[in-house]
Amino acid sequence: MTATPLAVYVHVPWCLQRCPYCDFDTDAVAVRDIPHEAYAIGVQNELRFRAPSLSEHTLQTVFFGGGTPSLWSVNALASVLRSIEATFGAFASEITVECNPTSLDADRALALRDIGVTRVSIGVQSLQVPHLRYLGRLHDAESARRAVHSAAQIAGLRVTADLMFGMPSQTAEELLSDARTLLDLGVGHFSAYALTVEPRTRFGELARKGRLPRLADDAVALLFEALEAQCAPWGLEHYEVSNYALEGQQGQHNEAYWRGADYLGLGVGAVGCYAREMTEKKQSVRYKTVYDIARYIADGQAAKMPQEEPEPLDAETLVREGLMLGLRTALGVNLADLQARTGLDPRAGRERAIARAVKRDNLEDLTTHLRIPRAKWLTADDIIAGLF
Amino acid sequence: MASDPALIRNFSIIAHIDHGKSTLADRLMEFTGAVTQRESREQLLDKLDIERERGITIKAQHVRLQYKANDGLTYQMNIIDTPGHVDFTYEVSRSLSACEGALLIVDTTQGVEAQTLANVYLAIENNLEIIPILNKVDLPSSDVEGTRQQVEDLVGLDGAGAIAASGKSGIGIADIFEAVVKRIPAPKNEENKPLRALLFDSWYDSYRGAVVMVRVVEGRIRKGDKIYFMATQREYEVVEIGVFTPFARALDELGPGEVGFVAANVKSVHDTKIGDTITDARRRATGPLAGFKEVKPMVFAGIFPTDSSDYPQLRDALDKLRLNDASFQFEPDTSEALGFGFRCGFLGLLHMEIIQERLEREYGLDLITTAPSVVYKVNLRHGDPVLVENPSRLPDPGRIESIEEPFLKVTIHTPTHALGAIMQLCQDRRGEQIGMQYAGTERVIMTYEMPLNEVVFDFFDRLKGASRGYASMDYELIGYRKGNLVKVDLMVNGEPVDALSVIIDREKCQKRGRDLAQKLKELIPRQQYDIAIQAAIGGKVIARESLAALRKNVTAKCYGGDISRKRKLLEKQKEGKKRMKSVGSVDIPQEAFLAILKIT
């Protein structure tokens with residue numbers, strides 16, 4: 001029997017303060033109020049309930065995201081990691097922990113490496129003070145540089161960083177200088193996300209009232225293109241809309257999502273997706289654990305399955321998602337894989353839409369793959385929606 | 001056996017939208033025990049979903065109640081409900097002429113409205129006895145005495161005879177019935193004359209075909225009778241006769257003064273002209289009842305499926321709607337931009353909105369509706385005048401001698417605070433004031449003559465806007481007048497989009513052309529390439545806008561595995577695209593075809 005690869009995501013739901021653009025499930029807390037052990041017990045409890053559906057899976061990657069996982073005690077994190085490894089009887093080949101510059105120093109980075117973490121993902125966002133201030137970040141440019149440098153010095157620990165672009169008055173020079181600085185500090189991979197204003201955030205509220213200064217779409221596009229133009233000279237591969245890597249530094253965990261692999265989500269507010277026994281047959285189900293920290297912890301103490309909101313995914317929906325995610329990557333979407341996974345021919349019913357997109361140079365039809373040429377990535381949503 | 005006409009009372013209920021007509025009708029039914037409170041659900045008289053949602057009655061309905069009066073006699077009460085909107089004035093007038101009296105409902109929290117007045121005048125023209133009902137007296141904001149005074153001052157009725165009532169709590173219901181018995185005249189007993197019955201409503205029933213509502217004026221109508229429709233000149237045999245109590249109940253006959261439904265294997269509602277006279281085929285009356293008028297659509301618009309493969313479904317849906325709506329017309333139409341569709345004729349804008357909504361809601365169709373147009377009479381240099389109801393079909397300007405357009409007399413009722421804004425609006429819309437009358441110190445009634453063309457371009461909404469919702473209007477067609485009109489064409493990427501052509505006043509064409517191009521630029525989403533938008537008159541470009549190519553439409557993140565959310569965003573984007581029409585290679589959304597309604 002071929003083993004099904006599995007990615008595991010663990011949600012750590014605390015931040016020192018909420019960022020005004022962020023709409024992930026997280027609570028702002030003081031460090032002393034974090035229930036480190038109790039939350040670890042909660043996650044281990046949820047893992048026990050979910051494990052039976054995943055007996056044929058092989059553990060590949062673990063990603064601790066949030067929130068701010070670097071606020072969680074290393075011991076608690078380690079205990080969860082050990083439980084995951086024990087459950088699947090294997091070590092993951094990539095174990096990533098998201099960190100904020102304010103909660104990452106050389107000691108913590110070393111401690112993380114010592115418990116088996118292979119990669120840290122640092123929320124730098126920008127190295128320009130006005131932009132950091134606009135984004136409501138707690139760190140300054142210097143502490144961000146220091147955090148990245150400390151982590152990058154540690155043998156056996158890869159470093160990826162998040163950058164944001166599209167802040168008002170941001171120039172291409174600033175963005176490029178940030179990216180270059182990160183590479184010089186030893187980062188092998190970064191993600192660059194265009195600032196997205198989400199409705200249920202402070203930014204969303206300001207934007208509704210017309211009081212959020214923003215960079216016009218055209219200028220945001222220029223930033224994206226400026227970074228793209230530097231990839232070749234710097235030896236970077238722009239391998240997904242928002243992701244850039246030096247050779248051999250690509251992240252595996254996100255790749256799992258893009259390939260449509262199963263992933264186990266653990267922790268309050270986490271999302272997971274894998275095939276489960278439904279009323280008649282096995283079916284892919286995406287679920288989100290209900291975001292209620294106190295209750296999640298109580299369920300952990302009582303050894304009860306935490307509440308979730310399940311969403312069964314039919315084959316057509318899986319095809320859409322496969323296209324949506326695959327077309328954001330440089331390789332494009334592998335049609336045979338998608339068909340094997342869903343039982344549907346992804347081209348069926350899309351012949352005209354594909355032909356139209358190809359004719360407009362929005363899509364390359366490579367027979368085995370469909371791919372959006374990099375020059376059109378800026379309008380990828382438009383192109384993908386056309387294939388839905 | 002038909003009832004003694006002396007014990008029959010036929011009346012209708014006149015009210016402005018939201019003044020509580022349906023609720024009051026429900027109370028009347030409950031009071032006589034015709035329905036229980038539970039049965040009445042809400043507002044039994046409004047059948048269609050859209051009616052219930054909008055709180056207005058589109059098709060007239062009827063109910064017969066038995067009321068035991070204080071004089072010890074039991075009366076047959078026929079309530080004839082009237083449609084409540086400006087588009088259906090003729091239907092209202094026919095329903096009213098089936099009655100001897102009317103209840104005029106005035107919301108005491110709102111006062112008298114223009115619409116109410118228009119229908120009151122119709123009732124007065126039909127010599128009806130009017131009983132004013134001061135409704136919603138149980139509400140804290142009710143002003144009973146002020147409204148009573150308005151009834152005297154504005155409507156010219158005796159305020160002392162007005163009855164205070166509340167449909168909601170049932171106050172005054174018994175008083176209303178007693179007043180109906182005492183004040184509304186009984187129908188005349190014209191039993192021995194040949195049959196003359198007024199057809200005042202019809203609908204389609206899949207078992208019975210077109211069923212008609214009639215008021216017998218003279219003679220009798222019996223099951224099995226051969227009857228003759230005088231306007232359509234067709235003969236039928238009566239298969240079924242009955243009344244609604246409000247549940248359908250079969251009868252053998254209807255006598256003078258009675259109201260009921262007749263089924264006679266009439267195939268289509270289009271053979272049942274509202275206002276027609278039904279007589280006995282063997283003993284025909286010498287002439288029809290007065291007041292018949294052929295109803296003609298006043299407003300036209302193209303309706304096209306967004307997805308051209310939906311054309312057959314659209315045709316079927318239109319066919320079905322027409323089954324029950326004699327005033328709705330359509331015929332196949334083609335547009336270079338929109339492909340195959342239909343040119344549809346409506347009584348007015350509300351009628352148009354309702355049809356479009358029903359097509360989308362009940363039949364699940366995605367539609368493009370073009371801007372409404374009126375029927376122009378185009379006098380040619382050579383040859384007979386032609387009627388044009390589609391701007392894109394206007395003959396070449398060189399052949400046109402003159403264009404005539406339909407004019408309306410518009411009556412506007414407004415609080416004085418909005419007077420200035422409304423006068424400005426009417427002036428902008430080429431209105432000519434022909435009358436102004438103060439009604440008390442706070443309300444004004446203005447009369448204008450105005451081209452229908454200006455009224456269909458969103459006049460009603462603007463009137464509401466200018467008066468913060470307080471003004472109301474009514475209109476009637478007064479004939480055709482010569483206008484100084486030109487056709488403005490719109491081009492998208494050099495291709496003329498025929499469905500966007502509009503006919504407008506020459507004096508305003510420059511500004512409106514510019515505004516239109518600008519509005520289109522706003523309404524058409526940025527696409528993968530630059531788009532040029534031009535407005536032109538007869539090939540001469542009067543305005544140009546350019547819409548830059550879409551630069552960025554890609555979501556930043558796909559994070560933490562919450563893929564559903566992103567997928568749903570794209571699905572929504574796709575849905576939005578489905579509602580657009582590809583013209584050439586440009587996707588144009590539905591709103592853009594109505595851009596003319598959105599400019600001032």
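Two strands pair if DSSP finds at least two bridges between them. Strands (E, at least two residues) and helices (H or I, at least four) are DSSP runs, numbered from the N terminus. Strand β4 (residues 101-107) and strand β5 of chain B meet that rule: seven bridges join them, and they run parallel.

This is a predicted model, in which local features need pLDDT of at least 70, side-chain atom pairs count only at pLDDT 80 or more, and totals for chains, interfaces and linings use all residues. Residues are numbered from 1 along each chain as its sequence is written, chains are lettered from A and ligands numbered from 1 in the order in which they are written, and side-chain values use heavy atoms, with hydrogens and water left out.

Buried means under 20% relative accessible area, exposed means over 50%, and partly exposed lies in between (1.4 Å probe, protein chains only). Six of the seven residues of β5(B), residues 129-135, are buried, so this strand is largely enclosed by the rest of the structure.

Strand β7 (residues 196-205) of chain B is mostly covered too, with nine of its 10 residues buried. Which strands does β7(B) run antiparallel to? One is strand β8 (residues 209-218) of chain B, joined to β7(B) by nine bridges. A hairpin of three residues links β7(B) to β8(B). Another is strand β16 (residues 277-280) of chain B, held by three bridges.

| Residue | Partner | Partner strand |
|---|---|---|
| B:Leu199 | B:Val214 | β8(B) |
| A:Val333 | A:Leu370 | β17(A) |

Now look at one residue. B:Val216 lies in strand β8 of chain B. Is B:Val216 buried or exposed? At 0% relative accessibility, B:Val216 counts as buried. Contact means heavy atoms within 4.5 Å. Leaving aside neighbours within four places in sequence, B:Val216 is in contact with residues including B:Leu195, B:Ala197, B:Leu254 and B:Pro256. B:Val216 and B:Gly260 are 44 residues apart in sequence, with their C-alpha atoms 8.5 Å apart in space.

## Open sheets

Four strands of chain B form an open antiparallel sheet, in the order β18-β19-β17-β20. β18 (329-335) and β20 (367-369) of chain B stand at the edges with a single partner strand each, so one side of each has no neighbour in the sheet. From one strand to the next, the twist averages 30°. Inside this sheet, strand β17 (residues 299-305) and strand β19 (residues 339-346) of chain B pair in the antiparallel sense over five bridges. Helix α7 (residues 311-323) of chain B packs on the sheet and touches β17, β18, β19 and β20 of chain B; its direction makes about 15° with that of β19(B). Helix α8 (residues 349-363) of chain B lies across β17, β19 and β20 of chain B, and runs at about 170° to β20(B).

Chain A has an open sheet of three strands, in the order β15-β17-β16, with antiparallel pairing. β15 (333-334) and β16 (364-365) of chain A are the edge strands, each with a single partner, so one side of each is left without a neighbour in the sheet. Two bridges join β15(A) to strand β17 (residues 369-371) of chain A.

## Packed helices

Two packed helices are described by the angle between their axes and the distance between the axes. Axes are lines fitted to C-alpha atoms, for helices over the stretch in contact, and angles run from 0 to 180 degrees between N-to-C directions.

In chain B, the axes of helix α9 (residues 419-428) and helix α11 (residues 459-466) come within 9 Å and cross at roughly 155°. The contact is made by B:Ala421, B:Ile422, B:Leu425 and B:Cys426 of α9(B) and B:Phe459, B:Arg462, B:Leu463 and B:Ala466 of α11(B).

In chain A, helix α6 (residues 172-184) and helix α8 (residues 217-234) have axes that come within 9 Å and cross at roughly 35°. Residues of α6(A) in this contact include A:Leu175 and A:Arg180, and those of α8(A) include A:Leu223 and A:Trp234.
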